[in-house]
There are 2 protein chains.
Amino acid sequence: MAVLSPSRTDFRYLQLSRSIEQQIRDGVWKCGDKLPSVRSLCREQGISMSTVLQAYLELEKKALIESRPQSGYYVSYWHRQLPPVPGASQPSALSEVSEPDDMIRKVYSQLGREGLVPLSLSVPCDALLPVAKLNKAMIAAMRELPGSGTGYEEVQGYRPLRRQVARWSLSWQGHLNEEDIVTTAGCMNALSLSLMTLTRAGDTIAVESPVYFGILQLARSLGLHVLELPTHPQTGVEPDALRAAVKGGKVKVCLLVPNFNNPLGSCMPDAHKKEVVEILEYYGVPLIEDDLYGDVYFGDARPRSCKSYDESGNVLWCGSVSKTLAPGYRVGWVAPGRHKEALIRLKHYHSIASATLPQAVIASFLENGRYEHHLRRLRSTLQANAFQFIRAVSRYFPEGTRVSRPQGGFVLWVELDPRVQTASLYDAAIRQGISITPGRMFTLQQQYHHCMRLSYGHIWNAELDNTLKRLGRLVHLELGA
Amino acid sequence: MAVLSPSRTDFRYLQLSRSIEQQIRDGVWKCGDKLPSVRSLCREQGISMSTVLQAYLELEKKALIESRPQSGYYVSYWHRQLPPVPGASQPSALSEVSEPDDMIRKVYSQLGREGLVPLSLSVPCDALLPVAKLNKAMIAAMRELPGSGTGYEEVQGYRPLRRQVARWSLSWQGHLNEEDIVTTAGCMNALSLSLMTLTRAGDTIAVESPVYFGILQLARSLGLHVLELPTHPQTGVEPDALRAAVKGGKVKVCLLVPNFNNPLGSCMPDAHKKEVVEILEYYGVPLIEDDLYGDVYFGDARPRSCKSYDESGNVLWCGSVSKTLAPGYRVGWVAPGRHKEALIRLKHYHSIASATLPQAVIASFLENGRYEHHLRRLRSTLQANAFQFIRAVSRYFPEGTRVSRPQGGFVLWVELDPRVQTASLYDAAIRQGISITPGRMFTLQQQYHHCMRLSYGHIWNAELDNTLKRLGRLVHLELGA
């Protein structure tokens, strides 16, 4: 049904990175060797600086090389292979529901502990946020807004913010305008409004598996049944599995996180996105697309959204800046397609309007290129962190550990030896001041007991390396090694 | 069942005001006469300044006297009686549902019109808000909060705000502490969370009648049935009517606005509040108390809330500063009693947390006495406005018009000759740039067609007087006079 988009393997930088990778694996370059400088490779190969940089970035992402500031690129590939990637999940279609609420509550109740290393929080730490610039924008907003933003805003949302979000949609090949957007109190609120618009208690929604536990809790609080779909840690939900699930007519709504899914870090290929949109359109099942992490990509460009393939208004595209600028501002949005009027009414009934000032601050941030500027730094920090985390897991965790290769976002999915129970690993870790997220939190079924999610939205340093070392030791202990 | 609290008629200032009222009605004092100065009355009667002032305030509220700045108090009672107060409402228990949504949408769609006099908006106009002081508090909050408030706040809400709201509860004889409070995105969001915590689609809730249309829309969006209770424009819902309604066991939740109900302006007497709490406790029906307007009283003290009589945690007390400080901040709260844990969970699932900075600003406002200072001015402005509006209606509207006597809040309920349809009056008024709220919006039944709500949350001036004059002329025209 779907037509494949032109393969990315045609890009020059990918050809280059593949050649160098082969040489590294063949031992032409050895661990510690310095690679040719970007400038010299440009000249040699007759290609642009950015192509070389992108090729090196690709290799860095694969943990084959590393950049040392003021020095250059070095081979970091060593005798031991990086851990393999987990396989696609196999949730059951008929499993009994078993809520992970007690575990979730336990993990949350500990988060306020002094000195805790919160590897369980999938948000950027304070140090990664542009606080001073946001403050400046807040003062400007108070000066410029009528009544300094004390008055009620339009129900649909602050118009300049809607305009900026619409403009920003160009980055994922969207073609929205300000009338398409409704602002919300963060992305969860966008998901909540979308689900409340489309479903009633007793309906079934289809989601990825593992899936962010907040989505499970939201769905259950609305009395919804949840169908978990097989999901691949690199490519996300399989279109065929989705088709099989919606064919029966029982699925009322599909809710997916196609870009840098939490907790897998997977990114659905464009061809899959297109196919998913076509399938859901065909079967008349609306798609709620949670694109919260899309701006935090490690590749060469922002991935497209499913919404960019949506021609009928069947996709409700949700986003926010809670993961990139200011979680505490509670600014998010949804482009609800043909469900716009119903969703605006619901927003009005349940909260009248969104807070004015935070919306104005985010609008000005998007407008002046400050957002893109900030993202560039955030992305490269997170990409390096992901690499460090994967390497640390490879070093400190037992053989047989599998780790996702996030292509963006904040989190790593780690699959341990099936004998390790991450619920009990959690207890051991919290005693050492480390908070992890047990895999069982990401499903309503009895699965992922031996998995966990680690957030790398922190500043990398020796202490963090040591934290992962201690965590690895605990895993060894759980295995009785 | 209920024991009457000591009658207010014992207060000295009320005795004084009654004596003067009698003299005015008896013609001892005539329209335009200057009353004794506050100081001289003090001396004569051997009472305190504040007692005299309160007595004069009482008379002012009844439109018997008026204060002229720098001059004193003058009798303003004139040959024509003030219009009578409407009787208690008589909604049917068995009426078919008829949604007023189209009319509500029509009224809202016109609100953005340039130059409109929005007598349909029950909020204070910008000029009545302490904008500069709020801005100052915002800058201080950015300086003082960790991460300048960019981080996620506790789900239950910003602790200093919860503490201040708890302290403030002393003003209505509450005894809350910071653990009792959950912050929300405004009062409607508090009502929404409360209803979602307590009900499922198909349940029935009992409300006042007429009732704020937003409550009807919220309830309908959750699939709830609405039972409208007979309500008196001065004392609110009759406890006996409530008892009869909940006796049957069909009412799942009761949602009332006991203080300065919108649209009636009624204030339930303490004895009724106590009785209502006892009835609902006895029948196991939770009470959601919307106390949004409680701080905007025209009397000598803030009225108590039903919550102040609640010993078992059966009352969910909701409030906000949307009507007093900053609608656009979206800061509200609920003290959910024994339903706290369930409500916090729901808040978490649907919106993660509330925006941090606006909560911090409101907390500091409450803490430093700036709120009380602001309220004093706001109350006296609104009380004077209410008086001016009632007098204008009395002057310009046809004989037979009835008007509520709000004891606080922002709105007037006007009952016209039954031959006047306020839906068509709305059309005529909007053509003249005046927006009113037709009575039909405040019910799901076929009633209040000849009623309307007028908001006096504006700065009073000759233009506004003229607006009411023009409106009165339109009513005359509708009557064919």
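Which residue forms a salt bridge with Glu372(A)? Select Arg376(A): its closest N and O atoms with Glu372(A) are 3.7 Å apart. A salt bridge here is a side-chain nitrogen of Lys or Arg within 4 Å of a carboxyl oxygen of Asp or Glu.

This is a predicted model, in which local features need pLDDT of at least 70, side-chain atom pairs count only at pLDDT 80 or more, and totals for chains, interfaces and linings use all residues. Residues are numbered from 1 along each chain as its sequence is written, chains are lettered from A and ligands numbered from 1 in the order in which they are written, and side-chain values use heavy atoms, leaving out hydrogens and water.

Stay on this pair. Both residues lie in helix H13 (residues 370-396) of chain A, and because they are four residues apart, about one helical turn separates them. Helices are DSSP runs (H or I, at least four residues), numbered from the N terminus. Glu372(A) is partly exposed, at 23% relative accessible area. Buried means under 20%, exposed over 50%, and partly exposed in between (1.4 Å probe, protein chains only).

Next, select Arg379(B) and Glu372(B), a salt bridge with a closest N to O distance of 3.4 Å. Arg379(B) is buried at 8%, whereas Glu372(B) is partly exposed at 23%.

Now select Arg243(A) and Glu275(A), whose side chains meet in a salt bridge at 3.1 Å, N to O. This pair links distant parts of the chain, helix H9 (residues 239-247) and helix H10 (residues 270-282), 32 residues apart. Arg243(A) is buried at 18%, and Glu275(A) is buried at 15%.

Over all chains, the whole structure holds 38 salt bridges.

Technical notes
Helix = DSSP H or I, 4+ residues; strand = E, 2+ residues; numbered from the N terminus.
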